[in-house]
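Look at the model, then follow along.

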Amino acid sequence: MTELLMPTLLLIVGLSLLVWGADKLVFGSAALARNYGISPLVIGMTILAMGSSAPEMMVSAAAALDGKTDTAVGNVIGSNIANIALILGITALIKPLAISSAIIRRELPLMLMVTLLAGGIMFNNYLGFYEGLLLIGLFACFIIAMLYISKNEQQNGDILLEEQESEIPEGVANGKALFWVVVGLILLPVGANMLIDNAVVIAKYFGMSDLVIGLTIIALGTSLPELAASVAGVLKGEDDMAAGNIIGSNVFNILAVMGIPALINPSEISPDLMGRDFYVMLGVSILLLIMALGKSRSINRIEGGILVTCFCVYQGYLFLNMG
């Protein structure tokens, strides 16, 4: 086991660089955008909303470039499962989540539709170039649609938009903002490659496949920004921000993050993705939809416990069947 000490330390360092780099990139980009007069609405629905998915994007791109498409796609599916079952579950255990934003109530069914689209794309166990183009194209349409919807809801004082605007940095000099953008752009690929390389070393030691590596170690690691954002949001009473981060991230992961490996390295993918992991992702997505859009329009502690239990059972199954 001593031979795992250095890879474990390097994995932690890589993950730290990845998460910190993503945070600084978002901080600098949002500050620059605000300084140049871009509206808080646009910043909130693009830079801030996509920021928590930056680690997944970089890791999936790095994995695809290394020929590990299963790891890249496993990262997407695993992150989406972790976002709902683990992160929203933990967040609801800390404090029941009230879902009041009209935007979120529109995004939730869309998240389910996008999840079904992912199933359709993976159905033949092949991730192709044109499917990647479709996903990226739909991602662009999603951003445009959300900007349009948000602009309309802004007039109604939607709570999610108010919470997002409060997160945009103010009074940051352009030089400082640009510095953090550059730092983020450097640290993201460095951290992603360190994370992947050392996760593979550790996982191979235990006999894990590339897919299980993506579904477990890497997915959990790249979901840390969502966990931090959601817990911070709920502790500040920004329930809609906590839920919105997760829902938006899941849509981004499928449309943008899954589209990247399809464009970089079109290839066959493991049948387990469609035969097992997709249905887990779909199941927890439906569960979230039922919880969030029910009569109470909230996720209580019992429901949070159910979500976390689902995640633990799924991860336990993966570790018991690591091939």
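Q: Among contacts in the chain between residues at least 6 apart in sequence, what percentage join residues at least 24 apart?
A: The share is 88%. Contact here means heavy atoms within 4.5 Å.

Q: How do you know what kind of model this is, and how it is numbered?
A: This is a predicted model, where local features need pLDDT of at least 70, side-chain atom pairs count only at pLDDT 80 or more, and totals for chains, interfaces and linings use all residues. Residues are numbered from 1 along each chain as its sequence is written, and side-chain values use heavy atoms, with hydrogens and water left out.

Q: How many helices and strands does the chain have?
A: It has 14 helices and four strands. Both are DSSP runs, numbered from the N terminus: helices are H or I with at least four residues, strands are E with at least two.

Q: What percentage of the chain's residues are buried?
A: Of the 323 residues, 56% are buried. Buried means under 20% relative accessible area, exposed means over 50%, and partly exposed lies in between (1.4 Å probe, protein chains only).

Q: How much accessible surface does the chain have, and what percentage belongs to carbon and sulfur atoms?
A: The surface comes to about 13000 Å². Carbon and sulfur atoms account for 69% of that. Such areas come from the Shrake-Rupley method with a 1.4 Å probe; for residues, only the protein chains shown count as cover.

Q: Why is helix H9 called largely enclosed?
A: H9 covers residues 210-222, and ten of its 13 residues are buried, so the rest of the structure largely encloses it. Among the buried ones are Leu-211, Ile-213, Leu-215, Thr-216 and Thr-222.

Q: Why is Gln-315 called buried?
A: Its relative accessible area is 7%. That is under the 20% limit, so Gln-315 is buried. Gln-315 sits in helix H14 (residues 301-320). Leaving aside neighbours within four places in sequence, it is in contact with Leu-215, Thr-216 and Leu-220. Gln-315 and Thr-216 are 99 residues apart in sequence, yet 7.1 Å apart C-alpha to C-alpha.

Q: What makes Ser-223 buried, and where is it?
A: Ser-223 has 2% relative accessibility, so it counts as buried. It lies in the loop between H9 and H10. Beyond four places in sequence, Ser-223 is in contact with Glu-56, Ser-79, Ala-82, Asn-83 and Ile-87. The C-alpha atoms of Ser-223 and Glu-56 are separated by 7.9 Å, although the two are 167 residues apart along the chain.

Q: Is Val-234 buried or exposed, and how do you know?
A: Val-234 is buried, because its relative accessible area is 1%. Val-234 belongs to helix H10 (residues 224-235). Not counting residues up to four places away, it touches Thr-91, Ile-94, Lys-95, Leu-97, Asp-239 and Ala-242.

Q: Is Ala-92 buried or exposed?
A: Its relative accessible area is 0%, so Ala-92 is buried. Ala-92 is in helix H4 (residues 69-94). Leaving out residues up to four places away, it touches Ile-299, Asn-300, Arg-301 and Gly-304. Ala-92 and Ile-299 are 207 residues apart in sequence, with C-alpha atoms 6.1 Å apart.

Q: Why is Asn-125 called partly exposed?
A: Asn-125 has 24% relative accessibility, so it falls between the 20% and 50% limits. It lies in the loop between helix H5 (102-122) and strand E2 (126-127).

Q: What is the phi of Asn-125?
A: It is near 60°, a positive value in a residue other than glycine. Most residues other than glycine have a negative phi.

Q: At what angle do the axes of H3 and H8 cross?
A: The axes of H3 (residues 54-65) and H8 (residues 174-205) cross at roughly 60° and come within 9 Å. Axes are lines fitted to C-alpha atoms, for helices over the stretch in contact, and angles run from 0 to 180 degrees between N-to-C directions. The contact residues divide into ten nonpolar, one polar and no charged. Ala, Val, Leu, Ile, Met, Phe, Trp, Tyr, Cys and Pro count as nonpolar, Asp, Glu, Lys and Arg as charged, and the others, Gly among them, as polar.
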